[in-house]
Every structure is written in structure tokens, then in C-alpha cells.
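Trainee: I'm new to this one, could you walk me through it?
Mentor: Gladly, let's open it up and go through it step by step.
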Amino acid sequence: MPPKHVIRKDEWERRLHDVQITKNELNRLIMDYLVIEGYKSAAEEFSQEANLTPPVDFESIESRMDIREALQRGDVEEAITRVNDLNPEILDTNPALYFHLQQQKLIEYIRQGRIAEAIQFAQDELAPRGEENPEFLTELERTMALLAFESSPSAPPAILELLSPAQRMKTAGEVNAAILESLSQGKEVKLVGLLKLLSWGETLLEEKAEFPKLMVRDGTLVDRGGS
């Protein structure tokens, strides 16, 4: 196997410096981050300072954040109402998303100890959908298992995690992505995608060369040293 080509740090930095990125491109990356993460006030201010046309209506950012906050506090009904106010086609054309919202509503009933309502709601709203889709049925059965264990510490983690804050955040994230898609806006922050691409590119290059490496850790770049 031939020896790897060695790229020294000064040469590597020179090559990086030769890559031309315009200020406008950087500004658009920043705007993309602010919009997707929901920083409405910062996005408005940055739009004016950078003289950028926003990719979405700023009011839609506030609506998305209101929906996310409603789900994170367990108010699924308000979230559904707000989604329909924003764009009723989002739920009409996405049965999986609507099922997951109804599933979250069932979880909230169980969390609050409203067992009779939970059972009735599962029978009326979720069971018919489960009959049409095996995946939905599996999720319904997992959710109803909460009743059997009654939040016992001995319950399987896959059951108990339904009552965790992470479950609410998962549902909120799914709704947020659907709204962004309806606005023809990317679901993932472009900076995150670029970091993933960088990590993938380093892996490929490492097979053929030795070079100063950067590592993605918790969404930031960390220098791992080099020649």
C-alpha cells in the first residue's frame, strides 16, 4: 500500500484561505439558522442589518414557536388548532403526523391520570387508524402499555420514555419540520448539514492523506491537531 501524502498545517491553512466564501453566503447561512431555530426578533434585526430578504414570513416563525411551546407543555389541542390556523393542509396531507399528535394527546391523558378518557379516546380516534396502518397499531399498543405498568420503575424503557420530556420534543420537532416543509424551507439548519459534510469529507480524505483534522463535537469544530 503506497504511503499517504502528508499535508502540512501551513499548506492546509493556505488551501483553506484560498476558498472564497462571500459575505452574502455567510449571511444567508446565519439567516437560515435564525429562521429554522425560531429566533424571530434576531431574524428581523439581522434581515435589516444584512439587507436580506427573509425566506419566510416572520409571523410564521412566531406561530411555529407557539406551536412548539404548546406541545412542550402538553397542550396538544392548542397545538393542533394553531397548526390548522397556519395551514390546514399540513395535517390533512400528513396522516402520520396527525396520528403522532393524537398519540401525544393520549399520552397526556394517561400522564394526568384521566384513564377513562384515555381509553375512550384511544378507541374512538386511534384504534380506527391503527387498523389501517400496522405501524400506527404498534405505536398505539406501546402507548396503551402505559396503563398496565402505571409508570412503574420496572416498566421497559421503551414504554416509560413516552412520558419523558423528550417525547414531547420529538412530537414538536416533527410538527416543526412539517411546517417548514409547507413553507418550502429546509427542515435542518444548513450549518449542521455542512458540518456533517465536513466530517464525511475528512473520513474520505483520511484514507489517502495525513492532514490537520477538525472534529465535529456537539455541533462545533474542534482542532484535533495536525502536522
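Mentor: We will begin with the chain as a whole and then move on to some helices and single residues.

Trainee: Okay, what kind of model is it, and how many helices and strands are there?
Mentor: This is a predicted model, and the secondary structure of its protein chain comes to 12 helices and four strands. The chain is more spread out than a compact globule, because its radius of gyration is 23 Å, well over the 17 Å that the globule rule gives for 227 residues.

Trainee: What box do the C-alpha atoms fill?
Mentor: Taken along the principal axes, the C-alpha atoms of the protein chain fill a box of roughly 70 × 50 × 30 Å.

Trainee: And how much of the chain is buried?
Mentor: Buried residues make up 35% of the 227 residues. The accessible surface of the chain comes to about 13900 Å², and 53% of that surface belongs to carbon and sulfur atoms.

Trainee: What about contacts along the chain, how many join residues at least 24 apart?
Mentor: If you take the contacts between residues at least 6 apart in sequence, 54% of them join residues at least 24 apart.

Trainee: Switching to charges, how many positive and negative side chains are there?
Mentor: The protein chain has 26 positive and 41 negative side chains, and the centres of these two sets lie 7 Å apart.

Trainee: Let's go to helix α11, what should its span be?
Mentor: Helix α11 covers residues 165-182, and at 1.5 Å a residue its 18 residues should span 26 Å, which agrees with the 26 Å between its end C-alpha atoms. Its buried residues include Gln167, Arg168, Thr171 and Ala172, with Val175 and Ile179 also among them.

Trainee: Which elements cover those buried residues?
Mentor: The cover on the buried residues of α11 includes α2, α4, α5, α6 and α7. Just after α11 comes Ser184, which takes a positive phi of about 60 degrees.

Trainee: You mentioned α4, so how does its span come out?
Mentor: The 15 residues of α4 should span 21 Å at 1.5 Å a residue, and the end C-alpha atoms are 22 Å apart, which agrees. In α4 the residues Phe58, Ser60, Ile61, Arg64, Met65, Ile67, Ala70 and Leu71 are buried, and what covers them includes α2, α3, α5, α7 and α11.

Trainee: What follows α2 and α4?
Mentor: Just after α2, Gly38 takes a positive phi of about 90 degrees, while α4 is followed by Gly74, whose phi is positive and near 90 degrees.

Trainee: Where else is there a positive phi in a residue other than glycine?
Mentor: Asn51 has a positive phi near 55 degrees, and its place is in the loop between α3 and α4. Most residues other than glycine have a negative phi. Asn51 counts as exposed, because its relative accessibility is 70% and the cut-off for exposed is over 50%.

Trainee: Is Gln102 buried or exposed?
Mentor: Gln102 counts as buried, because its relative accessibility is 4% and buried means under 20%. This residue is in helix α7 (residues 95-111), and, leaving aside neighbours within four places in sequence, Gln102 is in contact with Ile80, Phe121, Glu125 and Leu126.

Trainee: Last one, where is Glu188, and what does it touch?
Mentor: Glu188 is in the loop between α11 and α12 and counts as partly exposed at 39% relative accessibility. Not counting residues up to four places away in sequence, Glu188 touches Asp32, Ile36, Gly193 and Lys196, and of these Asp32 and Ile36 are among the buried residues of α2.

Definitions and conventions: Residues numbered from 1 in each chain as written. Predicted model: local features only at pLDDT ≥ 70, side-chain atom pairs only at ≥ 80, totals over all residues. Heavy atoms only, no water. Helix = DSSP H or I, 4+ residues; strand = E, 2+ residues; numbered from the N terminus. Buried < 20%, exposed > 50% of the residue type's maximum accessible area, 1.4 Å probe, protein only. Contact = heavy atoms within 4.5 Å. Expected span 1.5 Å × (residues − 1). Rg over C-alpha atoms; globule rule 2.2 N^0.38 Å. Areas by Shrake-Rupley, 256 points an atom, 1.4 Å probe, with all protein chains shown as cover. Lys, Arg positive; Asp, Glu negative; His and termini not counted. Charge placed at Lys NZ, Arg CZ, Asp CG, Glu CD.
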